[in-house]
Amino acid sequence: VAVKVEVKAQCVTKYRPGIDLLELHYDHAPDRDDGHSAALDRTILDSTLKKKGCKSDTFKSRVNPVSGTYGYRVRGPKADKPDWFVEESDDVMDAAWGDCGGWLAAAANWNAAVKASAKKWKR
């Protein structure tokens, strides 16, 4: 039995808080610029979601910050060494995301972060 499925692409130009999952990845390696991004992302989302009248649990269910999403270097003095992660960034992530559902620590446990992220995508 053959089944024909027709899929039409839908262009979404705005974040839909009750529908979309916003996955925010920060490498925090080797520089500290991702800490600035994490704080700014939280500030922007706070003001944007409050203006839309979103409930406080929107962060917990629809925003997924992940820290430590870096790869291995293939060249240079630190080639193939994952130890270039900025450990102090955990404090920044706690400050930015700790009170609204937390964040995933991929640098500490990559597999657990991937599983937790996949679980959110399935919802």
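Student: How many bridges join S2 to S3?

Tutor: Some ground rules come before the count. This is a predicted model, where local features need pLDDT of at least 70, side-chain atom pairs count only at pLDDT 80 or more, and totals for chains, interfaces and linings use all residues. Residues are numbered from 1 along each chain as its sequence is written, and side-chain values use heavy atoms, with hydrogens and water left out. Helices (H or I, at least four residues) and strands (E, at least two) are DSSP runs, numbered from the N terminus. Two strands pair if DSSP finds at least two bridges between them. Here 2 bridges join S2 to S3, and these strands run parallel. Ser-67 has Ala-105 of S3 as its bridge partner.

Student: In what order do the strands of the sheet come?

Tutor: In general, the strands of a sheet pair through backbone hydrogen bonds, either parallel or antiparallel. In this model, 3 strands make an open sheet in the order S1-S2-S3, with parallel pairing. S1 and strand S3 (104–105) are the edge strands, each pairing on one side only. Between S1 and S2 there are 5 bridges, in the parallel sense. Leu-22 has Val-63 of S2 as its bridge partner, and Glu-23 has Asn-64 of S2.

Student: How many residues of S2 are buried?

Tutor: Buried means under 20% relative accessible area, exposed over 50%, and partly exposed in between (1.4 Å probe, protein chains only). In S2, 5 of its 5 residues are buried. Both faces are covered, with Val-63, Pro-65 and Ser-67 on one side and Asn-64 and Val-66 on the other.

Student: At what angle do H1 and H3 cross?

Tutor: Axes are lines fitted to C-alpha atoms, for helices over the stretch in contact, and angles run from 0 to 180 degrees between N-to-C directions. Angles under 35 degrees count as roughly parallel, over 145 as roughly antiparallel, 65 to 115 as roughly perpendicular and the rest as oblique. The axes of H1 and helix H3 (residues 89–97) cross at roughly 5° and come within 9 Å. H1 is therefore roughly parallel to H3. Contact means heavy atoms within 4.5 Å. On the H1 side, the residues making this contact include Ala-38 and Arg-42, and on the H3 side they include Val-92 and Trp-97.

Student: Which residues of H3 are buried?

Tutor: An α-helix has 3.6 residues a turn, so residues three or four places apart point the same way. The buried residues of H3 are Ser-89, Met-93, Ala-96 and Trp-97. They line one face of the helix, because they fall within an arc of 70° seen down its axis; the arc is that of the directions from the helix axis to the C-beta atoms. The face turned away from the buried side of H3 carries the exposed residues Asp-91 and Ala-95. The buried residues of H3 pack against strand S1 (22–26), H1, helix H2 (58–62) and strand S2 (63–67).

Student: Is Arg-42 buried or exposed?

Tutor: Arg-42, found in helix H1 (residues 33–51), is buried, because its relative accessible area is 13%. Not counting residues up to four places away in sequence, Arg-42 touches Phe-59, Ala-96, Trp-97, Asp-99 and Cys-100.

Student: Where does Ala-29 lie?

Tutor: Ala-29 lies in the loop between S1 and H1. Its relative accessibility is 4%, so Ala-29 counts as buried. Ala-29 and Thr-69 are 40 residues apart in sequence and 8.7 Å apart in space, C-alpha to C-alpha.
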